[in-house]
Amino acid sequence: MAGNSNGSILLVEDEENLQDALKLNLELEGYEVTTAASGTGALKAIESEYFDLVVLDVMLPELDGISVAETIRLQNNDVPILMVSARNTTADKVLGLKKGADDYITKPFNLEELLLRVQKMIEKNKKLQEKGSLPAVVTFGKNVVDFKAQEATNFKGEKLTLSKKETMLLRLLIENRNEVVTREKILQAVWGYNVYPTTRTIDNFILNFRKYFEADSRNPQHFHSARGVGYKFTD
């Protein structure tokens with residue numbers, strides 16, 4: 001996410017003119033916008049990137065918005081979802097909210113109202129994230145990790161650039177410090193919607209963390225394997 005961005009949004013809308021107009025207006029408000037035109041496209045984007053909000057149309061090709069919202073929640077992903085739909089009955093709204101939407105706005109909508117709802121949802125989510133999650137910069141031993149910049153400085157004073165997946169995995173392990181995080185939870189949280197790599201892939205990430213951050217990678221102090229179960233981070 002760009003440093004001057006007000007937040008990152010996944011805009012899921014298959015009507016091209018509306019998608020273009022919404023993207024432009026959201027970008028003018030300072031948001032970083034990724035677009036998808038189908039339900040499966042939306043899930044692929046969520047797999048590979050963190051978003052502060054999903055603006056999700058209900059009527060989509062391949063997989064409808066209700067199914068997309070349900071899948072996102074089944075993955076234990078709590079990204080806020082603003083559902084947009086031409087269906088305006090109470091039953092439709094209730095279904096959308098039951099399946100995982102946080103808010104529901106009907107077409108045709110007032111642009112100013114949509115932008116205000118987007119702003120409020122992102123602000124609320126950021127406050128919740130700040131309360132319950134790690135600070136942007138974490139220190140352990142003589143290592144410093146800057147999650148926002150996706151960078152680290154290790155005990156040797158070497159600067160490291162972390163990939164998005166490395167950053168996500170590192171954050172997950174440190175948030176659950178002193179607890180074993182199962183392979184299943186890691187695969188779900190970091191790789192997402194049923195495109196699970198082999199557990200060997202996670203092993204390789206852990207080996208990299210040991211090379212980066214451990215004075216003795218064969219006798220790790222921070223990154224531990226729990227054979228057959230998962231991995232654990234300790235200070």
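P108 sits in the loop that runs between β5 (103-106) and α5 (111-132). In this predicted model, the peptide bond joining K107 to P108 is cis, with omega at about -10 degrees. That's worth a look, because most peptide bonds are trans.

Next up is S38, in the loop between β2 (32-36) and α2 (39-48). Is S38 buried or exposed? Its relative accessibility comes out at 11%, so S38 counts as buried, the cut-off for that being under 20%.

E62 belongs to the loop between β3 (53-57) and α3 (65-74). While S38 is buried, E62 is exposed, because its relative accessible area is 63% and exposed means over 50%.

The backbone of E62 deserves a glance too: phi is positive, about 75 degrees, although E62 is not a glycine. Most residues other than glycine have a negative phi.

## Another positive phi at N178

N178 is a residue other than glycine with a positive phi, near 70 degrees. Where does N178 lie? You'll find N178 in the loop between α6 (164-175) and β10 (180-182).

Methods
Residues are numbered from 1 along each chain as its sequence is written. This is a predicted model: local features need pLDDT of at least 70, side-chain atom pairs count only at pLDDT 80 or more; totals for chains, interfaces and linings use all residues. Side-chain values use heavy atoms; hydrogens and water are left out. Helices (H or I, at least four residues) and strands (E, at least two) are DSSP runs, numbered from the N terminus. Buried means under 20% relative accessible area, exposed over 50%, partly exposed in between (1.4 Å probe, protein chains only).
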